[in-house]
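Dear colleague,

Please find below the structure that I am handing over to you. My notes on what was found in it follow directly after.

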Amino acid sequence: LLSFPTYIGMILVVLLPLPKSAHKGVHSTSSQTVFGVASADVFANVACMVGLQFVGSGIFQVLYASVVCFTALLSKAFLGKT
């Protein structure tokens, strides 16, 4: 329920067109791309909730808090960021 406003915002990005004056300098993104990203986010949230049911709240919180560390390691390995 807390993520509901986020998904409404994602839907509105696709459904509400920008005024012509706002198109200046804006990169166009297809509806399919936005739908794909939104679908991946929904799947990630579902996977988190299913994982919470399997491992319990303590281990889930430790793993969820380590997302920042894993993101940094993967961006260093795959994107070459420092």
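**Aromatic rings**

A search of the whole structure finds 1 aromatic pair, where rings of Phe, Tyr and Trp (its six-membered ring) pair if their centres lie within 6.5 Å. The pair is formed by Phe 60 and Tyr 64, with 5.7 Å from centre to centre and 15° between the planes, and it is stacked; planes under 30 degrees apart count as stacked, over 60 as edge-to-face and the rest as tilted. Both Phe 60 and Tyr 64 lie in helix 3 (residues 57-65), 4 residues apart, which is about one turn of the helix. Phe 60 counts as buried because its relative accessibility is 16%, and buried means under 20% relative accessible area, exposed over 50%, and partly exposed in between (1.4 Å probe, protein chains only).

**Basis of the model**

This is a predicted model, in which local features need pLDDT of at least 70 and side-chain atom pairs count only at pLDDT 80 or more, while totals for chains, interfaces and linings use all residues. Residues are numbered from 1 along each chain as its sequence is written, and side-chain values use heavy atoms, with hydrogens and water left out.

The pLDDT is the predictor's confidence in each residue, from 0 to 100. The mean pLDDT of the protein chain is 79, and 83% of its residues reach 70 or more. Among the elements of the chain, helix 4 has the highest mean pLDDT (90) and helix 1 the lowest (75).

**Helices**

The protein chain has 4 helices and 0 strands; helices (H or I, at least four residues) and strands (E, at least two) are DSSP runs, numbered from the N terminus. Helix 2 (residues 31-55) has 25 residues and reaches 36 Å from its first C-alpha to its last, close to the 36 Å expected at 1.5 Å a residue. The expected span is 1.5 Å times one less than the number of residues. Gly 56 follows helix 2 and has a positive phi, near 90°.

Helix 4 (residues 67-79) has 13 residues and reaches 17 Å from first C-alpha to last, close to the 18 Å expected. Just after helix 4, Gly 80 also takes a positive phi, of about 75°.

Val 42 lies in helix 2 and is partly exposed, with a relative accessible area of 37%. The C-alpha atoms of Val 42 and Ser 3 are separated by 9.3 Å, although these residues are 39 apart along the chain.

**Surface**

Buried residues make up 7% of the 82 residues in the protein chain. Val 13, in helix 1 (residues 4-15), is exposed, with a relative accessible area of 57%.

Yours sincerely
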